[in-house]
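Please look through the sequence and the model shown here.

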Amino acid sequence: NKMRKAMDATFPSIAGAVITYQATFATGDANWAWNEWGVFNAASAGTMFQRKVESLGTKTSAQTWQFNVAITVSA
């Protein structure tokens with residue numbers, strides 16, 4: 001299972017060296033076990049900027065999840 005979701009309004013946000021991404025997954029979105037996530041620069045295809053394999057739990061149709069990723073950029 002996979003789904004790409006556009007960021008919420010006002011995201012990404014930048015504060016100093018931290019870029020924060022946020023997307024909201026409504027009750028009809030991505031209802032399965034979340035075991036991996038990524039940040040892309042396009043709704044389809046594009047380039048993956050960040051990826052992580054981790055178990056985040058199982059989202060059900062009774063839930064809305066707000067997913068946040070904060071990345072610190074350094075030179």
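## A buried aspartate

Asp29 has a relative accessible area of 14% and is therefore buried (under 20% relative accessible area, found with a 1.4 Å probe on protein chains only; over 50% is exposed, and in between is partly exposed). Asp29 lies in the loop between β2 and β3. Strands are DSSP runs of E with at least two residues, numbered from the N terminus. Leaving aside residues up to four places away in sequence, Asp29 touches Met3, Lys5, Thr24 and Lys59; contact means heavy atoms within 4.5 Å.

The model is predicted, and local features need pLDDT of at least 70, side-chain atom pairs pLDDT 80 or more, while totals for chains, interfaces and linings use all residues. Residues are numbered from 1 along each chain as its sequence is written, and side-chain values use heavy atoms, with hydrogens and water left out.

## The three-stranded sheet

Three strands make an open sheet with antiparallel pairing, in the order β1-β2-β5. Its edge strands, which pair on one side only, are β1 (13-15) and β5. On average, neighbouring strands of this sheet are turned by 20 degrees against each other, direction ignored; the axes are lines fitted to C-alpha atoms, and angles run from 0 to 180 degrees between N-to-C directions. Two strands count as paired if DSSP finds at least two bridges between them.

Between β2 and β5 there are eight bridges, in the antiparallel sense. Thr24, one of the contacts of Asp29, stands opposite Gln66 in β5, and Thr20 has Ala70 of β5 as its bridge partner. In a regular strand, side chains alternate between the two faces of the sheet. In β5 the covered face holds Trp65, Phe67, Val69 and Ile71, and the uncovered face holds Gln66, Asn68, Ala70 and Thr72.

## The largest pocket

The largest pocket has a volume of about 850 Å³. A pocket is an open set of points on a 1 Å grid over the protein atoms alone, where a 1.4 Å probe fits, with protein on both sides within 12 Å along at least five of seven lines; lining residues have an atom within 4 Å of a point. Grid points are joined across faces, edges and corners, and the volume is the space filled by probe spheres set on the points.

Of the 28 lining residues, Met3, Arg4, Trp37, Gly38 and Phe40 are the closest to the centre of the pocket. The largest share of the lining, eight residues, comes from β3.

Terms used:
Helix = DSSP H or I, 4+ residues; strand = E, 2+ residues; numbered from the N terminus.
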